[in-house]
Amino acid sequence: MKLITKISIGLATSSFLIFVGCSTAQPTISEESLGLRKVDLYSEDKVTPDETKYSKAAPSTSKTIARAFQDAPPMIPHDVEGMLPITVNNNQCISCHTPGVAESFGTLPYPKSHMINFRPDTSLTKNGDIVKNGKIVENTSSEKLEYVTINEMHQLSNSRFNCSQCHAPQSEMKEIVGNTFTPDYTSEDGSKKSSWTGTSLTEGLDTLME
Ligand code: HEC
Ligand code: HEC
């Protein structure tokens, strides 16, 4: 009964809309005005994107870029020619940004957060149940993040291996859309250094395992 009522209300509403649609003149919106490209959607050959200008400065000769906001992943200021894509057998980023080595190149090592595994130990039982940190779980996408763990490691966590997933080279180009955002760093050197050190990484988190 309920369903039928809903359907009939739906039909009544849509015929009303059709009626209104026919009786009033709708303003038309041209395709050219829809996007940032300002040409119609079928004219790929008329689109002239701005030139991308990545830094050609080799590592040790580039200038670091201010962080977008406190603890934002820094942009890559140097040339990455020949370094991307990162593969299992070729990750040159690590050879310069590993703690202990980075300092001698005059740069920052990957920080402590990159040496923490936030993922729970996950396995399957013979019956196909999902086990996280020793507990059988039914819903693996808990909104409360209750299966997040904080396992400190002494090396890079595999989840951070693909640096370019979060760190991108900066392209110098005309701003298509103006940016009015100005960061309000919470630490004095926030424009050039992450503040996630020591216990500050885990403070205030209610996801620590008991
Ligand atoms: C040959 C050594 C070397 C390699 C390889 C290298 N880097 Fe760098 N990186 C540096 C140096 C040195 C700097 C500091 C800027 C400069 O002096 O050019 C730097 C700066 C950075 C910064 C900015 C850090 C800050 O303080 O803002 C990021 C992010 C970065 N590199 C990421 C990467 C990634 C990702 C890769 C791999 C695609 C990579 N680097 C490969 C040496 C290297
Ligand atoms: C999942 C996203 C992610 C990946 C993958 C990742 N990073 Fe980061 N990185 C961040 C974020 C976010 C920050 C800033 C906050 C922090 O300290 O964790 C950061 C900070 C840094 C910094 C600045 C540290 C400081 O003290 O200010 C360096 C250098 C860096 N990453 C290098 C790397 C390198 C090299 C890799 C690959 C081996 C890598 N990152 C992989 C997200 C990532």
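## Around ligand 1

Helix H2, residues 92–97, supplies four residues to the shell around ligand 1, the most of any element (helices are DSSP runs of H or I, at least four residues). This is a predicted model, where local features need pLDDT of at least 70, side-chain atom pairs count only at pLDDT 80 or more, and totals for chains, interfaces and linings use all residues. Residues are numbered from 1 along each chain as its sequence is written, and side-chain values use heavy atoms, with hydrogens and water left out.

Who comes nearest? Of the 22 residues around the ligand, it's Ser62, His78, Cys93, Cys96 and His97 (a residue is near if one of its heavy atoms lies within 4 Å).

## Holding the iron

His78 and His97 both coordinate the iron atom of ligand 1 through NE2, at 2.0 to 2.1 Å (donors are N, O and S atoms within 2.8 Å of the metal, or 3.2 Å for Na, K and Ca). The two sit 19 residues apart and link distant parts of the chain: His78 is in the loop between helix H1 (2–23) and H2, His97 in H2.

Is each one buried or exposed? His78 is buried, at 15% relative accessible area, while His97 is partly exposed, at 24% (buried means under 20%, exposed over 50%, partly exposed in between, with a 1.4 Å probe and protein chains only).

## Polar contacts

An oxygen atom of ligand 1 is 2.8 Å from a polar backbone atom of Ser60 (a ligand polar contact is a pair of N or O atoms within 3.5 Å). For Thr61, a polar backbone atom is 3.4 Å from a ligand oxygen.

Note on methods. Chains lettered and ligands numbered in written order. Polar contact = N/O pair within 3.5 Å; in protein donor to acceptor, adjacent residues only side chain to side chain.
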